[in-house]
Structure formats: C-alpha cells, structure tokens
Amino acid sequence: MSINEAADLQPVAIEPIDLEQADLEQAAFEPVPIESSGTESSDAESIDTEPIIGAALTINHLNVDPLNAAPVAAQRHVSRRTAERFIAVHVGRSGEVAGGMSQVVNGYLAHSFVDFDLRMVPSRDGSGGLRAAGVAASAFLKLLRLANPKRTVVVAHLSQGGSFAREGALLALAHVRGFATVAQLHGSSFADFARKRPRLVGSVLRCADVVLTLSAQSHTAASEFVPGERVVLVPNAVADGIVRQIENVVVFGGAVSKRKGVDILVAAWKRLAPQHPLWKLVIAGPIADQPTEPLAGAQFVGPLSHAALMEMLERSAIAVMPSRDEAMPMFILEAMARTNCVVATSVGGVPAVLAGGVGVLVEPGDVDALEAALHRAMTDAPWRAKKADLARSAFETTYSAAAVFPRIERSWTTALDRRSNRVAKKYRPGSRTRTQQP
C-alpha cells in the first residue's frame with residue numbers, strides 16, 4: 001500500500017497503549033541504541049528514554065519562521081497544559097555521535113521542555129538486512145499501538161533516500177491514525193532528492209502538520225509541496241562547552257570522505273605544515289572513501305565519542321569543515337559554542353550560520369583559498385580571537401538551547417492545534433464523513 005493510499009484510510013481501531021501507564025509504556029518504548037564515534041556508526045549501546053526535565057535554547061537569525069510569536073491557539077494550549085503534560089514521540093535514530101541527526105535527537109532527549117515529555121521510537125540503528133527490517137517493523141507496531149492522539153505529537157526525523165521512505169511511511173501511519181505530525185528534515189541533499197522523487201516527497205510532507213527545515217534551500221524545496229505557512233526554518237541547537245586552556249590545534253570532525261572535503265584539507269595542510277611546526281591538525285572520524293596517509297604535523301585519530309570530540313574542541317583554536325555538501329553541520333555549531341575560529345565552505349546552510357564575519361568562508365574544492373584562510377587564522381592571533389568571540393556570541397543568541405528549543409516546542413504545539421482543527425472539520429455535525437472521533 002502506498003502512502004497516498006494510506007492517507008485515505010479511516011483511523012485504525014487497535015488496542016492502544018496509554019503512555020501514562022508505566023508498565024505498558026516500557027513495552028511500547030524500548031531503550032534507544034547509542035553509537036560512539038566521530039560520526040554516524042552502527043555500534044549500539046542502550047540509553048534510558050524516560051522523560052528528562054532539562055534546560056532551554058536561542059532564536060534563529062534566519063527569520064523565515066511564522067512561529068516566532070506564539071499564536072492564540074498555542075497560548076490556549078500552554079494555559080491548559082499546566083495540569084496535564086503532553087507527549088512528543090520522536091521517530092528515527094539517536095546515539096552518542098559527533099554530528100548529524102542522532103545528535104539533534106540526543107539534544108531533545110536530554111532537555112526538559114516546558115509542556116512536553118519525550119519518548120523515542122527507534123526506526124533504525126545503522127544495521128542492514130533482516131535486523132534493519134526488524135527495527136523498522138518494531139517501530140511500525142509501536143505506532144499502531146500508540147494512544148492519546150489529543151495529547152501526542154509524532155515527530156519523524158527524515159533524511160534523503162531510504163530514510164525518507166522508511167520514516168516517511170511511519171509519519172503517514174501516525175497521520176492516518178489521527179495524530180499531530182511533524183516532519184523534521186535533515187541531510188545535505190534534500191532539495192536534490194525532492195527534485196528526483198517529487199511524488200514520494202509530496203506524499204510524505206502532505207501528511208505533516210508542520211515541516212521543520214535547516215536551510216533556506218530545503219525550506220524553499222519543501223514549500224513546493226505544502227503551504228508555506230506549514231514550513232518552518234529552525235536551526236539545530238547544541239549544548240554549551242567547558243572553558244579549557246586553548247592549544248595550537250586545528251580540528252576536523254566528521255566522516256573522512258570526499259564529500260566532507262578531507263582530500264582538500266590534506267592538500268592544504270601539506271603546504272601549511274612546514275610553515276607552522278608549532279601547530280597540529282587532528283582529523284577525527286571514521287574512514288569513509290578517503291584513505292589515510294602519513295601527514296606531517298597531523299593525526300588521524302579515527303572515530304571518537306561525542307564527549308571526547310567536544311573536549312578536543314574545547315582545547316582547539318580552529319575548527320575546519322571543508323565540505324562539498326552540507327545542510328547545517330552540527331560540528332560547526334559545536335565549534336562555535338566552544339569559541340573556535342571556524343573555517344568552512346560556502347555550502348548548504350553554512351553561509352547563513354557564519355554570516356556577518358562569524359567565521360571564514362571559502363569555496364568548496366579550492367585548496368588555495370583553504371590554505372590562505374587557515375594560514376591567517378594560525379598567524380594572526382587578534383583576528384583569530386575576534387572570529388572566535390563572534391562565533392561564541394552567535395551561538396549564544398541563535399544556536400543555544402535557550403534560543404532554539406522554545407521554537408521547537410512551539411512547532412509541536414502548532415501541530416497539535418492543526419490536528420485539532422483538522423479533526424473538528426472532519427467530524428463537525430452534518431459531515432458526511434463523520435465517524436467516531438479519534
């Protein structure tokens with residue numbers, strides 16, 4: 001059955017799970033697999049996904065957001081939720097990794113939202129074959145048994161390719177069952193994917209009450225499939241760092257791949273190393289399609305735990321991300337939070353993040369420009385410190401938990417409001433489609 005066909009079905013009558021019953025709640029939401037690496041990996045551990053009460057995030061200077069001011073309906077929800085908390089069920093993948101979708105979900109799970117408790121339904125864990133099919137099937141069954149549509153919003157975390165089809169189908173299931181739904185788009189190539197698979201993308205996004213995007217490009221692409229007021233551009237948010245002694249270290253964090261521009265970084269460093277013997281380059285992340293080689297003044301450290309990479313950023317002076325393709329890389333935001341001078345390429349949402357002199361932008365694939373930017377950052381200490389301070393300030397006002405998470409929570413509230421309006425229209429007196437309200 002296609003997603004389009006599913007959208008025409010009536011709510012499924014299945015014995016529900018009440019998320020407030022602790023014994024059944026445990027059956028419906030199992031421990032979340034966690035990976036430990038410099039980027040996404042398939043090794044898994046477990047994490048407790050009980051609701052966590054936590055801190056808050058900052059406001060996006062990319063002002064394409066109708067949720068900046070809470071609507072009247074949202075204010076009504078807030079006053080009524082003082083006595084009864086609501087649930088945000090996240091569908092996707094979490095884990096202790098240095099960047100990407102998993103770190104975004106981790107941040108949500110670790111935060112205490114004002115009106116919502118969080119649950120995690122893992123739909124993938126980095127495995128393949130029968131195990132991957134089993135994880136997806138388990139997520140499907142959990143959503144079939146999910147209860148309390150009036151108080152629950154389902155948030156599906158979507159990337160391109162197989163992730164979009166798998167998590168998109170789960171989003172459609174939640175929509176068919178009468179739940180409020182949010183499609184949160186990740187990945188660096190959503191606009192290209194949408195052009196290649198418009199039917200699939202349209203089918204999924206039309207099942208979402210709110211669509212969250214990371215860049216102006218993906219915002220524009222999503223708005224071609226659903227009304228613009230449903231699409232909201234909200235940045236990722238990252239946790240604060242710890243002040244440590246700064247060292248003459250340049251750090252790269254991510255997959256050692258051509259897409260991440262590691263070949264360009266290596267070529268630039270071969271020129272820089274003889275001129276700067278007191279500086280060190282650290283390349284952290286799993287080896288993808290770029291083989292490692294002996295490199296003077298540099299070290300390939302392989303995959304690191306997220307905590308280890310953050311500690312390294314707290315000691316480094318410069319963070320570099322020479323990618324050929326990105327959406328909004330968490331590594332750059334994490335470096336800004338830790339007062340690094342950031343050197344990156346002008347791809348995806350990066351130019352907006354580093355606008356106004358917050359960082360140093362070069363064109364992707366340009367060895368000469370990357371060499372020049374790193375050379376200045378390593379030799380001009382006052383200039384480097386100014387860039388680092390601007391980066392830290394941008395983090396505090398735009399990408400901290402206090403800035404972003406209230407906007408994320410408003411998007412969940414808006415989805416519940418739109419779900420209520422949708423149900424009211426469908427089941428209004430005299431409607432030909434009136435049945436038992438979900």
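Which strands does helix H6 lie across? Hold that question for a moment.

First, the ground rules. This is a predicted model, with residues numbered from 1 along each chain as its sequence is written. Local features need pLDDT of at least 70, side-chain atom pairs count only at pLDDT 80 or more, totals for chains, interfaces and linings use all residues, and side-chain values use heavy atoms, with hydrogens and water left out.

Now the answer. Helix H6, residues 162-176, lies across E3, E5 and strand E6 (180-185). H6 runs at about 165 degrees to E5. A word on names: helices (H or I, at least four residues) and strands (E, at least two) are DSSP runs, numbered from the N terminus. Contact means heavy atoms within 4.5 Å. Axes are lines fitted to C-alpha atoms, for helices over the stretch in contact, and angles run from 0 to 180 degrees between N-to-C directions.

Next, the sheet itself. It is open, with 6 strands in the order E4-E3-E5-E6-E7-E8. The pairing is parallel. Two strands pair if DSSP finds at least two bridges between them. At the edges sit E4 and strand E8 (231-233), each pairing on one side only. From one strand to the next, the twist averages 25 degrees.

Let's zoom in on one pair. E3 and strand E5 (residues 152-158) run parallel, joined by 5 bridges. Take Ile87: its bridge partner in E5 is Thr152.

Helix H16, residues 401-426, lies across E3, E4, E5, E6, strand E7 (210-213) and E8. H16 runs at about 140 degrees to E6.

How many residues of helix H4 are buried? The count is 8 of 9, for a helix spanning residues 101-109. Buried means under 20% relative accessible area, exposed over 50%, partly exposed in between (1.4 Å probe, protein chains only). The buried residues in H4 include Met101, Val104, Tyr108 and Leu109.

On to charges. A salt bridge is a side-chain nitrogen of Lys or Arg within 4 Å of a carboxyl oxygen of Asp or Glu. By this rule there are 17 salt bridges.

Start with Arg85 and Asp117. Their closest N and O atoms are 2.8 Å apart. This pair links distant parts of the chain, 32 residues apart. Arg85 sits in the loop between helix H3 (72-80) and strand E3 (86-92). Asp117 is in strand E4, residues 116-122. Arg85 is partly exposed, at 31% relative accessible area. Asp117 is buried, at 17%.

Next, Asp125 and Arg131. Here the closest N and O atoms are 2.7 Å apart. Asp125 is buried, at 5% relative accessibility. Arg131 is exposed, at 53%.

Third, Arg376 and Asp380. Their side chains meet at 3.6 Å, N to O. Arg376 is partly exposed at 40% relative accessibility. Asp380 is partly exposed too, at 25%.

There is also a network. Salt bridges link Asp240, Arg392 and Glu396.

Last topic: cysteines. How many disulfides does the structure hold? The count is 0. The rule asks for a pair of cysteine sulfur atoms within 2.5 Å. Cys207 is buried, at 3% relative accessibility. Cys341 is buried as well, at 0%.
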